[in-house]
Amino acid sequence: MSVRDSGELRVAMVGYAFMGAAHSQAWRTVNRVFDLPVRARMVAVAGRDAAKVSAAADQLGWQEAMTDWRALIARDDIDVIDICTPGDSHAEIAVAALAAGKHVLCEKPLANTVTEAESMVEAAVAARAKGFRTMCGYNYRRVPAVALMADLVAAGRIGRIRHVRAVYLQDWIVNPQFPLVWRLQRERAGSGALGDIGAHIVDLTQFVTRQFITGVSSVTATFVTERPLPAEASGLSASAGNGGPSGTGPVTVDDAALFLARLSGGAVATYEATRFATGRKNALRVEVNGSQGSLAFDLERLNELEFYDATQPEAEQGFRRILVTEPAHPYMSAWWPPGHIIGYEHSFTHQMRDLIDAIANGPD
Ligand SMILES: NC(=O)c1ccc[n+]([C@@H]2O[C@H](COP(=O)([O-])OP(=O)(O)OC[C@H]3O[C@@H](n4cnc5c(N)ncnc54)[C@H](O)[C@@H]3O)[C@@H](O)[C@H]2O)c1
């Protein structure tokens, strides 16, 4: 029986820390907010430590906890595998899940190497022919202001795009004593700031402009090359010492990545991704300049979009702020009355909405 006929999408998730919590919140919420033809049921979560995964299942709302993702994939009462692990396991889990006839949602960056990414695309194309859908977790696309930005560009409201300017700035590893977590190890994360946060701005700019990067010129830097080994780590927090391993290890990824790019429609773009922008906690900004106007988005003002319309009378021109909370705005009719703002976690709920829609109704 298809998911649509059963009315239920049975979900299982691998990994249960930062993204695991964000995805769980979205799975819990999506059917309570959006009117969808199928209802997500949170069947099972997998991790490697039995006690921790069991506690996570209780806290996050999963019916069962399992310690082997392969056993999860082998079950025939699961329709979708949601991958919330570091990049070194994305390809293996995703390809196995697709081969087993599951829909797959995989966190970004998709894979750690081009070869892995190609194997995932190949598996996704084969699975698509059998009706199974795939999605990569670029949740920022699903912030209403960003979706509106893409709609305005597509409608030609800023004309021909000349410039794209994007930064994603964090500062959580400025302290050289911050431990050597998996995000600082090439064999686990693939790359550093480039893949972790640079991937988001690459995706956002391509999504907003519908132009693709055709060439780049770049510099990368690693400012702190040796760090203490971690005792505990999750998401962007960690500690060293406290009975954990002693000593230090080498940082094998970039701390900062900056590049210039040409886009397929003739625009030029600049990108900056760093975890050393002291004081900038999660500063994601994108600006697009076109022949008839400009659009700018700042994640710290997530409900707003700045729009400069050069077709307005000269005396009235200027950047204006659109408060993106109207029912006419993307995703917003399902939420609160106009002016009642939403937050970071809503982008994940929108991601699950779009995935369920794709599985039930077929759009890419
Ligand atoms: N979309 C976003 O905005 C966003 C934000 C943060 C992280 N991410 C991505 O999400 C993924 C996870 O990042 P995170 O911050 O949640 O990391 P995290 O360290 O907080 O959590 C990773 C989880 O994966 C588990 N895990 C690790 N290796 C495993 C394995 N081999 N088998 C089973 N479980 C395993 C860990 O136990 C933990 O539960 C990464 O790909 C990261 O780039 C995306």
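**Entry 1. Conventions**

I took helices (H or I, at least four residues) and strands (E, at least two) as DSSP runs, numbered from the N terminus. By this scheme I placed Leu299 in the loop between strand S16 (293-298) and strand S17 (304-309). I worked on a predicted model, in which local features need pLDDT of at least 70 and side-chain atom pairs count only at pLDDT 80 or more, while totals for chains, interfaces and linings use all residues. Residues are numbered from 1 along each chain as its sequence is written, and side-chain values use heavy atoms, with hydrogens and water left out.

I then looked up the accessibility of Leu299. Buried means under 20% relative accessible area, exposed over 50%, and partly exposed in between (1.4 Å probe, protein chains only). Leu299 has a relative accessible area of 9% and is therefore buried. Leu299 and Thr311 are 12 residues apart in sequence, and I found their C-alpha atoms 27 Å apart in space.

**Entry 2. The ligand**

The shell holds 24 residues, and the closest are Met19, Lys108, Asn139, Trp182 and Gly235. I sorted the shell by residue type: Ala, Val, Leu, Ile, Met, Phe, Trp, Tyr, Cys and Pro count as nonpolar, Asp, Glu, Lys and Arg as charged, and the others, Gly among them, as polar. The shell divides into 10 nonpolar, eight polar and six charged residues.

Next I listed polar contacts, which are pairs of N or O atoms within 3.5 Å; within protein, one must be able to donate a hydrogen and the other to accept it, and residues adjacent in sequence count only if both atoms are side-chain atoms. A ligand oxygen lies 3.5 Å from a polar backbone atom of Ala17. A ligand oxygen is also 3.2 Å from an N or O atom in the side chain of Arg48. A ligand nitrogen is 3.2 Å from an N or O atom in the side chain of Glu107.

For cover, I used accessible areas from the Shrake-Rupley method with a 1.4 Å probe; for residues, only the protein chains shown count as cover. The ligand taken alone exposes 840 Å², of which the protein buries 90%. Helix H2 (18-33) and helix H9 (193-209) are the elements that give two or more residues to the shell.

**Entry 3. Aromatic pairs**

I searched the whole structure for ring pairs. Rings of Phe, Tyr and Trp (its six-membered ring) pair if their centres lie within 6.5 Å; planes under 30 degrees apart count as stacked, over 60 as edge-to-face and the rest as tilted. The search gave nine aromatic pairs.

Tyr140 and Tyr344 form a tilted pair, 6.3 Å centre to centre with 50° between the planes. Tyr140 lies in the loop between strand S6 (134-136) and helix H7 (144-154), and Tyr344 in the loop between strand S18 (320-323) and helix H10 (346-361), so the pair ties together parts that are 204 residues apart in sequence. Tyr140 is buried at 4% relative accessibility, whereas Tyr344 is partly exposed at 30%.

I also noted Phe259 and Tyr271, a stacked pair at 4.6 Å centre to centre and 15° between the planes. Phe259 belongs to strand S13 (residues 256-263) and Tyr271 to strand S14 (residues 268-274), so this pair ties together parts 12 residues apart in sequence. Both Phe259 and Tyr271 are buried. Ring pairs link Tyr140, Tyr168, Tyr344 and Phe348 into a cluster.

**Entry 4. Arginines**

I recorded a charge as over a ring if NZ of Lys or CZ of Arg is within 6 Å of the ring centre and within 35 degrees of the ring normal. Arg353 lies over the face of Phe34, 5.8 Å from the ring centre. Arg133 sits in the loop between helix H6 (114-129) and S6, and is buried at 5% relative accessible area. A polar side-chain atom of Arg133 lies 3.1 Å from the backbone oxygen of Gly362.

**Entry 5. Backbone and loops**

Where is the cis peptide bond with omega near -15°? I found it from Lys108 to Pro109, with Pro109 in the loop between strand S5 (103-106) and H6. Arg210, which is not a glycine, has a positive phi near 55°; Arg210 lies in the loop between H9 and strand S8 (213-221).

Tyr331 has a positive phi of about 70°, although it is not a glycine. Tyr331 is in the loop between S18 and H10 and is buried at 17% relative accessible area. His329 lies in the loop between S18 and H10 and is buried at 13%. His329 and Ala147 are 182 residues apart in sequence, yet 8.5 Å apart in space, C-alpha to C-alpha.

Terms used: Near = heavy atom within 4 Å.
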